[in-house]
Amino acid sequence: MKLFLSLIVLLGLFSLWTYKGIAQTGIHVDLARDLNYLSDIWVHKIVWLGPMTSVNFPASPIYYYLLFPGLALSGGNGLSLIFSQAFFAFLALGLFAYFQIKKSLISTLLVILTIGLSPWWITSSSLPWNGHMYVSWVFLAMISLWFKNPIFISALLFGISIAIDPAAILALPILFYEWWTQEKRIKNLSLIFSGLLLPWTPILIFEIITKGFLTRHWLQYPSAAGIIFSPKLTNILPLLNTIGISQAQAIVILVISFLIAPKRGRYWMIFVCLPLIFLALVSPLRDYYLLGLVSALAFTIVTILSSKTIGRIILIILILGYAQTISIPPISYGGRSIQRLDNVAQTFILKSKLDKTKKYAVVSVIDSQNSTPQADDYRFFLRMKGVNALSIDEYPKADILLLFIEVPNFKWQDFEDWHMQRFGSRKFLSNQNIDNIEVITYEREWQ
């Protein structure tokens, strides 16, 4: 019965996250990039580098490989990214329930609901992006540490979270606290560094192959991600805004948590809060940089609160407050949604009786500034349907050029950019309008 109740709650939360993801996910530049790299893996290419971070150094491609099983199981459905994002959140809370339910069903359900209904967790669990996915992996790492799993497993989970988005490093102090409390420190330290480095294997291999290209490039063009030394206590306020509580509420919750916590819990609170010193010394960070730290803080404090009556009352109040703010948006297929662009690609293939034996170059114009002419998203949807959509460096080999125009009344007859120039001389074949998106087809003009 305990397992059944926990599973029902988790499935309800999973349904909420996936529904909001489907209703609210639009294809922006980062998601289009992710779709493109996933389609590279789909056509059996090796992806060596992950998303470029604001420090001008890429994250690990493990992010794409974690998303790929869902894509494969769905037969190439772009919505699988949303389900995968929600699945990792489901896995994190489910693993907590697995370890905690033997002690107390009530505390288990309170932790699951408090975390699962939190606005920051709903956002991180429903909208696919590496700046969101890493949150679940930080939570998994915290669970592994709290329930005293092998230190290598905990380090590996932290390593995965940092490899997905380096902002997860803010949650790392607690790992070294647990290392210090254990015996065999030298051996465990080697296990920790092995776990932290393992998810970066593809980039390490890439650096060996290219003789340190990424390192040399970063040394030539270093970046501090806009972080500057600017000590102010108010720099911590974005963290509270992300959690969704006031300063007074935060102080009350921290004091009560510290008072009711066991000795180990108090040390956990101290070490999890250490990064607040860094936050107070630098200019305010963007919200998604804080999500990993929020995940670590929330896990520690909510777990401590769930162990005592006064803490459970606080969690019930938080749950009721979160539940009142949850909105259920209607499923919308407008805008640049996954469903809409997938339908455009499918309709175009059927209406034009596209020859899948030929090679295709793909270009798009999604706004008047022509911000993403590389058509990463359209390349994905075409590849998922068996069309040989080439990467940009292969455009000189293409037989057909497809131009997707999303700007109304765009004068495509005069449009030219370097992606099209790579294709070479071309001859107009056809023009179709599908769901207010013009699809222009050119064939190569042989001279």
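Biologist: Let's start with a detail. Which backbone oxygen does the side chain of Thr300 reach?

Modeller: The side chain of Thr300 reaches the backbone oxygen of Ala296, at 2.9 Å. Keep in mind that this is a predicted model.

Biologist: Noted! Where is Thr300 placed?

Modeller: Thr300 sits in helix 17.

Biologist: And is Thr300 buried or exposed?

Modeller: Buried, because its relative accessible area is 1%, and the cut-off for buried is under 20%.

Biologist: Which residues is Thr300 in contact with, leaving aside its neighbours within four places in sequence?

Modeller: Thr300 is in contact with Met142, Trp268, Met269 and Val272.

Biologist: What about Val294, where is its place?

Modeller: Val294 is in helix 17 too. Val294 is buried, with a relative accessible area of 1%. Setting aside neighbours within four places in sequence, Val294 is in contact with Trp120, Leu239, Thr242 and Ile243.

Biologist: How far apart are Val294 and Trp121 in sequence and in space?

Modeller: In sequence they are 173 residues apart, and in space 9.4 Å, going from C-alpha to C-alpha.

Biologist: Let me zoom out. Which residues touch the most other members of the largest nonpolar core?

Modeller: Trp17, Trp121, Phe158 and Leu403 do, in a core of 151 residues. Helix 17, which covers residues 287-305, gives this core its largest share, 13 residues.

Biologist: Why would nonpolar side chains be found together like that?

Modeller: In soluble globular proteins, nonpolar side chains tend to be buried together.

Biologist: Okay, pick Leu403. What does Leu403 touch, not counting residues up to four places away in sequence?

Modeller: Quite a list! Leu403 touches Val363, Ser364, Val365, Trp412, Phe415, Met420, Glu438, Val439, Ile440 and Tyr442.

Biologist: Now helix pairs, please. How do helix 14 and helix 17 cross?

Modeller: Helix 14, residues 247-260, and helix 17 have axes that come within 9 Å and cross at roughly 60°. That angle makes helix 14 oblique to helix 17. The crossing is left-handed.

Biologist: Which residues meet there?

Modeller: From helix 14 you have Ile253, Leu254, Ile256, Ser257 and Ile260, and they meet Ile301, Ile304 and Leu305 of helix 17.

Biologist: I also clicked on Ala250. Is Ala250 buried or exposed?

Modeller: Ala250 counts as buried, at 11% relative accessibility, and Ala250 lies in helix 14. Beyond its neighbours within four places in sequence, Ala250 is in contact with Leu240 and Ile245. Ala250 and Leu240 are ten residues apart in sequence, with their C-alpha atoms 7.7 Å apart in space.

Biologist: What angle do helix 1 and helix 4 pack at?

Modeller: About 155°, with their axes 9 Å apart. Helix 1 runs over residues 2-24 and helix 4 over residues 80-100. Helix 1 and helix 4 are therefore roughly antiparallel, and helix 1 passes helix 4 in a right-handed crossing.

Biologist: Which residues of helix 1 and helix 4 meet?

Modeller: Helix 1 brings in Leu7, Leu10, Phe14 and Trp17, among others, and the residues they face in helix 4 include Phe83, Phe87, Phe90 and Leu93.

Biologist: Moving on to helix 9. Which of its residues are buried?

Modeller: Helix 9 covers residues 173-181, and the buried ones are Ile174, Leu175, Tyr177, Glu178 and Trp179. They pack against helix 7, helix 8, helix 10 and helix 15.

Biologist: How do helix 9 and helix 15 pack?

Modeller: At an angle of about 140°, with axes 8 Å apart, so they are oblique to each other. Pro173, Ile174, Tyr177 and Glu178 in helix 9 meet Arg264, Tyr267, Trp268, Phe271 and Val272 in helix 15.

Biologist: Last topic, backbone angles. What is phi of His44?

Modeller: It is near 70°, a positive value in a residue other than glycine. His44 is in the loop between helix 2 and helix 3, and His44 counts as exposed at 73% relative accessibility.

Biologist: And where is Asp435 found?

Modeller: Asp435 is in the loop between strand 4 and strand 5. Asp435 is not a glycine, yet its phi is positive, about 55°. Asp435 is partly exposed, with a relative accessible area of 38%.

Biologist: Great tour, thanks!

Key. Residues are numbered from 1 along each chain as its sequence is written. This is a predicted model: local features need pLDDT of at least 70, side-chain atom pairs count only at pLDDT 80 or more; totals for chains, interfaces and linings use all residues. Side-chain values use heavy atoms; hydrogens and water are left out. A nonpolar core is a set of buried Ala, Val, Leu, Ile, Met, Phe, Trp, Tyr and Cys residues joined through side-chain atoms within 4.5 Å. Buried means under 20% relative accessible area, exposed over 50%, partly exposed in between (1.4 Å probe, protein chains only). Helices (H or I, at least four residues) and strands (E, at least two) are DSSP runs, numbered from the N terminus. Contact means heavy atoms within 4.5 Å. A polar contact is a pair of N or O atoms within 3.5 Å; within protein, one must be able to donate a hydrogen and the other to accept it, and residues adjacent in sequence count only if both atoms are side-chain atoms. Axes are lines fitted to C-alpha atoms, for helices over the stretch in contact, and angles run from 0 to 180 degrees between N-to-C directions. Angles under 35 degrees count as roughly parallel, over 145 as roughly antiparallel, 65 to 115 as roughly perpendicular and the rest as oblique. A crossing is left-handed if the near helix is turned anticlockwise from the far one by less than a right angle, and right-handed if clockwise.
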